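User: I am new to this model. Please walk me through it in short questions and answers.

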Amino acid sequence: MVVLNKIYTKTGDAGETALGNGTRVVKHDMRVAAYGTSDELNCFVGVARLEAPGDVDAALARIQNDLFDLGADLCRPDMEKDADAEYPPLRMADTQVARLESEIDAMNDALEPLRSFILPGGSALSAHLHVCRTVARRAERLAVELAAMETVNAAAVKYLNRLSDWFFVAARIANNGGKDDVLWIPGANRD
């Protein structure tokens, strides 16, 4: 177990940081942006948990743990060298994607079909989950951009895609099973 007794390292003062394999990169490196955004998302999930009842809170706790797995995956470049690493790098697994899909399916079974776009809001939990959804989409865009430049675990990108869907459906559940969703009325304020 690593014990941290010194919070500041001073190693980033020149605008660089270390990746999971020890490589130093600038703090605005695309890989840092991708895993940094997953960390930001994790913080928003923590805020959403303040409003979440039992089962939803437990699901969000699992997601928070997965997001640390995701950050560990994204901060480690050179997947092709994983077998040679001193310690096996942690990578996202398709089973984590499948769990999200199963949970989305179960939540969808409790909802009426959506017949209109909805506006973020309704309940406090729903509003927080919509923020999580949009940050997950941004993290996904960054992971996809990173994947266009170098190798990225496909399960990590899939996870982010499913996760934003999970947040959308969970936000509807948080709005009284969709009954309190705030519907978009196209052009409502043009007159």
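Predicted model: local features only at pLDDT ≥ 70, side-chain atom pairs only at ≥ 80, totals over all residues.

Analyst: Residues are numbered from 1 along each chain as its sequence is written, and side-chain values use heavy atoms, with hydrogens and water left out.

User: In what order do the elements of the chain run from the N terminus on?

Analyst: Helices (H or I, at least four residues) and strands (E, at least two) are DSSP runs, numbered from the N terminus. The chain has 5 helices and 4 strands. Their order is β-β-α-α-α-β-α-α-β.

User: What does the C-alpha trace of the chain span along its principal axes?

Analyst: The span is given along the principal axes of the chain. It comes to about 55 × 40 × 35 Å.

User: Are α1 and α2 roughly parallel or antiparallel?

Analyst: Axes are lines fitted to C-alpha atoms, for helices over the stretch in contact, and angles run from 0 to 180 degrees between N-to-C directions. Helix α1 (residues 30-49) packs on helix α2 (residues 54-74) at about 165°, with axes 9 Å apart. Angles under 35 degrees count as roughly parallel, over 145 as roughly antiparallel, 65 to 115 as roughly perpendicular and the rest as oblique. So α1 and α2 are roughly antiparallel.

User: How are α1 and α4 oriented to each other?

Analyst: Helix α4 covers residues 124-149. α1 and α4 pack at about 165°, with their axes 9 Å apart. They are therefore roughly antiparallel.

User: How many nonpolar, polar and charged residues does the contact of α1 with α4 have?

Analyst: The contact of α1 with α4 is sorted by class.

User: Which residues line the largest cavity?

Analyst: On a 1 Å grid over the protein atoms alone, a cavity is a set of points where a 1.4 Å probe fits but cannot get out, and lining residues have an atom within 4 Å of a point. The search of the whole structure finds 1 cavity of 30 Å³ or more. The lining has 3 nonpolar, 2 polar and 4 charged residues. They are R31, D73, L74, R76, M79, R91, T151, V152 and N153.

Notes
1 Å grid on protein atoms, 1.4 Å probe; cavity = no way out; pocket = protein on both sides within 12 Å on 5 of 7 lines; lining within 4 Å. Points joined across faces, edges and corners; volume = space filled by probe spheres on them. Nonpolar A, V, L, I, M, F, W, Y, C, P; charged D, E, K, R; others polar.
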